[in-house]
Amino acid sequence: MKKLIFSCLAAMSAGMSYASVTLPDIMSDNMVLQQKSDASIWGWCTPGAEVSVSPSWDTKSYTARAGKDGRWDVEIATPEASYTPRSIEIVGDGSSIKLDNVLVGEVWLCSGQSNMEMPLKGFWCQPVENAGQAIAYSGKYPGVRVATVTRRGDYEPQERAEGKWMESKPVNAGEFSAVAYFFACSLNDILGVPVGVINCSLGGSKVEGWMPKKQLERYPDCDVEREKATPDSVLPLWERINVMYNAMLHPITGYTVKGFLWNQGEANVGSHKNYPRRLADMVRIWREEWNDGELPFYFVEIPAWNYGNPDGSIAAMLREAQHKAAGIIPNSGVISTTDLIYPHEINDIHGSKKKEIGERLAFMAAGRTYGVEGIDSPYPKFASADFQGDKVILHIDNVENGLTPNAALDGFEVAGDDKVFYPADARELWYNRAIEVSSEKVKDIKAVRYCFKNFSIGAIHNLKGLPLVPFRTDDWDE
């Protein structure tokens, strides 16, 4: 707790006086600016001093005068995306700064907890699949840039956060968020323009860690003041609320982006009833602070893991809550990941298949945000069920051409009035886009579940390779 207070006081003291123009880390060499936008540029200098910003692609200079707190802000018009390196010169208060190797393209903010934070080089004894190849060939993506915000927490909103833009090359790539990097490379391949991603994530963080105090005060189970008084040894950084928003997100709020990516939820397992509304609140706040209520928000199902009980369903309920959240958050979507896990990863919450996750996010963005035709983003989903005693006919949406041919339809369970679930046999009724399930142990089926466990590997796909979203027909809670 003392460390959090000290960092806050130190940052406040440092922000009270400026001898010359200074910039936040997010304004650095190698940065990517959002194309065809009024991109935000800001910094600090002596209060009242005038600053001019001159981009190399424009004959125009943009001027601003620093306020009483020393901060100045300008918006510069950016051209169409290009791989041509640009520069930006900032002059004022007796100083001059030049930013070099600036690209104009597409920019996305990537946030969440450890499965977003996980770097290409992996965590201790937890690899990213084919990381060696991805790092070795990273120089093939000169149009991809990554900025990583340093892990930090504070109970007061901060002005600055560490984390400069880095080029895609082997010496840097190992430290990049694997999901964010693979997303950027895939989107770069699809659109043919530079892509920059800002990784602002912290392992173990809850959704409440990324919201301001004024919002958290509306939740009866959130008490920021009580947590402020709790020693770090009792409640570590990643379990705290509000502090990531203050120290990591707030300092970069306003950096012009095209949209948000979110890979989080494991830390909120057990809170599935309030998760959809809280995630929606977080997205609303972020959009308000970026002054754009339509910024797309695409996120990732939490992974299969034991969560203390592999056959339990507490994590499945959080996945279900994520899909409910997508239903109430405008311009949002969630990718399913039930098939992106190996059996041996039952005790590893950091699955190794990060490339596929990044790709699926890129496919969703390409189709929904950029209007690239021919890229399917709708996942196969349960639509309705016809209960017929000892069998049930499940109707599935988004399987116009059928399910993966010749594959076993595993992962189904059925239960009767006793609410005891048994493995079910399943077969595809290819002529009406349906699945028939049955079990010799249940003569009068009342409920069907598919991959509705903490750890269950999905094996059913549509013909585009997208997995059937986990579901249940009941509303029974554990």
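This is a predicted model: local features need pLDDT of at least 70, side-chain atom pairs count only at pLDDT 80 or more; totals for chains, interfaces and linings use all residues.
As for handedness, α5 passes α11 in a right-handed crossing. On the α5 side, the contact is made by Ala 178, Val 179, Phe 182, Phe 183, Ser 186, Leu 187 and Ile 190. From α11 come Lys 354, Lys 355, Ile 357, Gly 358, Glu 359, Leu 361, Ala 362, Phe 363, Ala 365 and Ala 366. Sorted by class, the residues of this contact are twelve nonpolar, two polar and three charged.

Another pair is made up of helix α9 (residues 275-289) and helix α10 (residues 314-328), which pack at an angle of about 45° with their axes 8 Å apart. α9 and α10 are therefore oblique to each other. Here, too, there is a handedness to report: α9 passes α10 in a right-handed crossing. Tyr 275, Pro 276, Arg 277, Leu 279 and Ala 280 are what α9 brings to the meeting, while α10 brings Leu 318, Ala 321, Gln 322, Lys 324, Ala 325 and Ile 328. The residues of the contact of α9 with α10 split into eight nonpolar, one polar and two charged.

Next come the empty spaces. Rolling a probe the size of a water molecule over the atoms shows where empty space is left. Counted this way, there are four cavities of 30 Å³ or more, and the largest cavity holds about 110 Å³ of space. The largest cavity is lined by 16 residues, and Pro 303, Thr 337, Leu 340, Lys 354 and Ile 357 are the closest to its centre. Lys 354 and Ile 357 turn up in two places: they line the largest cavity, and they are among the α11 residues in the contact with α5.

Definitions and conventions:
Residues are numbered from 1 along each chain as its sequence is written. Side-chain values use heavy atoms; hydrogens and water are left out. A crossing is left-handed if the near helix is turned anticlockwise from the far one by less than a right angle, and right-handed if clockwise. Helices (H or I, at least four residues) and strands (E, at least two) are DSSP runs, numbered from the N terminus. Contact means heavy atoms within 4.5 Å. Ala, Val, Leu, Ile, Met, Phe, Trp, Tyr, Cys and Pro count as nonpolar, Asp, Glu, Lys and Arg as charged, and the others, Gly among them, as polar. On a 1 Å grid over the protein atoms alone, a cavity is a set of points where a 1.4 Å probe fits but cannot get out, and a pocket is an open set with protein on both sides within 12 Å along at least five of seven lines; lining residues have an atom within 4 Å of a point. Grid points are joined across faces, edges and corners, and a volume is the space filled by probe spheres set on the points. Axes are lines fitted to C-alpha atoms, for helices over the stretch in contact, and angles run from 0 to 180 degrees between N-to-C directions. Angles under 35 degrees count as roughly parallel, over 145 as roughly antiparallel, 65 to 115 as roughly perpendicular and the rest as oblique.
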